[in-house]
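Good morning, and thank you for coming. Please look at the sequence and the structure on the screen while I speak.

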Amino acid sequence: MTRPKVTRVKTLPEPATTGDFSLFDQEEAMIAQSEEMLRKLEEVSDGVRTLMRAYRQGYREQRRLVRLSDRMQDELRRLNQRLEAEVRTREALAHRLEALAAVDELTGAATRRHFMDVAAHLADQWRHEGRSSGVIMADLDRFKTINDRFGHAAGDEALRLFVGRMSETLREDDLVGRLGGEEFAVLLPGIGAAELDEVAERLRATTAAIRMPWKGDEIRLTASFGLARFSAPGDDIDRVLSRADKALYAAKRSGRNRVAINDDSTEEAAEDI
């Protein structure tokens with residue numbers, strides 16, 4: 001009896017496993033991890049893009065601020081230049097006003113106020129240092145006649161010429177002041193009695209030599225001079241000017257075109273002239 005033929009059926013191998021997961025599961029896990037990584041990379045990319053946008057915006061804002069700062073600095077420089085120009089203008093105006101306050105516009109002599117300020121300082125030097133100084137009062141003779149005969153323009157020119165010739169004759173430190181009208185005073189720091197008399201005589205001679213052409217005519221000028229010095233212990237400019245003024249009128253009464261002196265020793269005699 002023959003034995004029946006047995007057909008053997010091959011069985012497929014079991015899928016390989018690693019641990020508790022199959023390869024399929026591992027692939028799925030790897031895909032999921034990759035997707036998670038891609039998602040996170042996308043989040044990172046989004047963050048980077050956001051940072052880039054913020055950086056660009058910040059850069060544009062910084063550029064705008066820099067341009068604004070440049071414009072502001074330019075405007076500030078222009079304002080500073082205008083301010084400096086204004087300051088220079090005001091300083092020039094202040095100097096001009098000081099000059100107007102110190103200098104007589106017609107003759108170029110010191111104004112009465114400036115002359116008295118300088119004279120007060122000179123008096124202080126006399127009182128504290130005993131520095132010998134003198135004053136000359138000067139007055140054009142018959143000035144009213146010049147105005148009446150030739151006109152006030154001629155009188156103005158005579159005053160300018162008179163002050164100019166005196167200034168040329170005097171020392172650099174001497175000061176001519178116009179006290180009013182045709183009356184002038186001269187401060188002479190550090191001068192003795194003899195030298196003061198010599199200076200006054202030179203001024204008289206210089207004035208008497210003036211020949212002023214005027215509209216086809218010739219005007220001759222003369223002046224009278226009165227001298228006084230800081231000599232008494234309590235002398236101030238008012239007292240010295242008063243003595244010089246008395247000497248001036250003494251010269252006028254003596255015939256004009258004269259020099260007269262008045263100091264402590266001759267004050268009473270001058271009052272009697």
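Let me begin with a question: is Ile 237 buried or exposed? Ile 237 is buried, because its relative accessible area is 6%. Here, buried means under 20% relative accessible area, exposed means over 50%, and partly exposed lies in between, with a 1.4 Å probe and protein chains only.

A word on the source before I continue. This is a predicted model, in which local features need pLDDT of at least 70, side-chain atom pairs count only at pLDDT 80 or more, and totals for chains, interfaces and linings use all residues. Residues are numbered from 1 along each chain as its sequence is written, and side-chain values use heavy atoms, with hydrogens and water left out.

The term pLDDT is the predictor's confidence in each residue, from 0 to 100. The mean pLDDT of the chain is 83, and 86% of its residues reach 70 or more. Over residues 265-273, however, pLDDT stays under 50, and the model has 9 contacts beyond four places in sequence for them. Contact means heavy atoms within 4.5 Å. Where pLDDT is low, the predicted coordinates should not be read in detail.

I return to Ile 237, which belongs to helix α6, residues 237-253. Helices (H or I, at least four residues) and strands (E, at least two) are DSSP runs, numbered from the N terminus. Not counting residues up to four places away in sequence, Ile 237 touches Met 116, Ala 119, Ala 120, Ala 123, Val 135, Leu 187 and Phe 230. Leu 187 is 50 residues from Ile 237 along the chain, and their C-alpha atoms are separated by 10.0 Å.

The buried residues of α6 include Ile 237, Val 240, Leu 241, Arg 243 and Lys 252.

Now to the sheet. It is an open sheet of 5 strands in the order β4-β5-β3-β8-β9, with mixed pairing. Its edge strands are β4 (175-180) and β9 (259-261), each of which pairs on one side only. Two strands pair if DSSP finds at least two bridges between them. On average, neighbouring strands of this sheet are turned by 20 degrees against each other, direction ignored. Helix α6 packs on the sheet and touches β3, β5 (183-188), β8 and β9, and its direction makes about 145 degrees with that of β8. For such angles, axes are lines fitted to C-alpha atoms, for helices over the stretch in contact, and the angles run from 0 to 180 degrees between N-to-C directions.

Let us look at β3. It joins β8 (residues 223-229) through 7 bridges, and the two run antiparallel. With β5, strand β3 pairs in the antiparallel sense over 6 bridges. Val 135 shows both pairings: its bridge partner in β5 is Leu 187, and it stands opposite Ala 228 in β8. In a regular strand the side chains alternate between the two faces of the sheet. In β3, Gly 134, Ile 136, Ala 138 and Leu 140 point one way, Val 135, Met 137 and Asp 139 point the other way, and all are buried.

Next comes the loop between β3 (134-140) and α3 (143-150), where we find Asp 141. Asp 141 counts as buried because its relative accessibility is 5%. Which side chain does that of Asp 141 meet in a polar contact? The partner is the side chain of Thr 222, at 2.8 Å. A polar contact is a pair of N or O atoms within 3.5 Å; within protein, one must be able to donate a hydrogen and the other to accept it, and residues adjacent in sequence count only if both atoms are side-chain atoms. A polar atom of the Asp 141 side chain also lies 3.3 Å from the backbone nitrogen of Ala 223.

Arg 142 lies in this loop too. It is exposed, because its relative accessible area is 52%. Arg 142 has a positive phi of about 50 degrees, although it is not a glycine.

Finally, Arg 256 is found in the loop between α6 and β9, and it is among the residues in contact with Asp 141. Arg 256 is partly exposed, with a relative accessible area of 29%.
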